[in-house]
Amino acid sequence: IALSSLSPHWTLCYEAPYDTPTTLADLTCATGSGCGTAAVCGTGGKVLFGWRRKGSNELAAAAMGTTRLKTATGDVVKNPILTETSATLLHNGAYWYKTDSTFGFSKEAMVKLDTQDVATSMCAARMGWALDTSGGFRAGCTCVTCDDAKDLSTSFHGADCLKVVYWAT
């Protein structure tokens, strides 16, 4: 996805190297709530999570979701993609997951969570961020902050990739 194609409808609100730690507070702030003194990305509508290589003008992978979802019973779920699940949640064409240690998406429902998603099928359409002090984890088929035991095929320094969040109303 070319970054220029996102403008003027999408606004960049978070960008950090993959080796920068991500917390649940960062994610809830990015979806428009729970920020405390941090800047809010948006106050509702749509959110896009993705990644790109440093210096690139294209997102390598991205998935979009809504910050509020109306259920069949009429209830409104805030931040459906941040709902902690034991399995993936299909939302807007992507399979999202969030546990106490990881957050991310895949193009397919099957993820292999070994604290982080280490599945290799359809790897280009996967993204995962560790929710602790270690930073990002996977950017597509590449393990960004892996040790040799979790090598997904290639590995590089976490500063080479950027985690991004955009929002639109």
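## Cysteines and the disulfide

In this predicted model, Cys 123 has a relative accessibility of 17%, and because buried means under 20% relative accessible area, this residue counts as buried. Cys 141, by contrast in its class, stands at 25% relative accessibility and so counts as partly exposed. These two residues are joined to each other by a disulfide, with a distance from S to S of 1.8 Å, and the structure holds one such link. The pair connects distant parts of the chain, 18 residues apart: Cys 123 lies in the loop between β10 (116-117) and β11 (126-130), while Cys 141 lies in the loop between β12 (136-139) and β13 (142-143). The link of Cys 123 and Cys 141 is right-handed, with 75 degrees about the S-S bond.

A further cysteine, Cys 161, has a relative accessible area of 0% and is therefore buried.

## The four-stranded sheet

Four strands make up an open sheet, in which the order is β1-β15-β2-β3 and the pairing is antiparallel. Strands β1 (11-17) and β3 (61-66) stand at the edges, and because each has a single partner strand, one side of each is left without a neighbour in the sheet. From one strand to the next, the twist averages 15 degrees.

Strands of a sheet pair through backbone hydrogen bonds, and the pairing may be either parallel or antiparallel.

## Strand β2 and its two partners

Why can β2 be described as largely enclosed by the rest of the structure? Of the eight residues of this strand, six are buried, and the description follows from that count.

Conventions. Residues are numbered from 1 along each chain as its sequence is written. This is a predicted model: local features need pLDDT of at least 70, side-chain atom pairs count only at pLDDT 80 or more; totals for chains, interfaces and linings use all residues. Side-chain values use heavy atoms; hydrogens and water are left out. Two strands pair if DSSP finds at least two bridges between them. Helices (H or I, at least four residues) and strands (E, at least two) are DSSP runs, numbered from the N terminus. Axes are lines fitted to C-alpha atoms, for helices over the stretch in contact, and angles run from 0 to 180 degrees between N-to-C directions. Buried means under 20% relative accessible area, exposed over 50%, partly exposed in between (1.4 Å probe, protein chains only). A disulfide is a pair of cysteine sulfur atoms within 2.5 Å.
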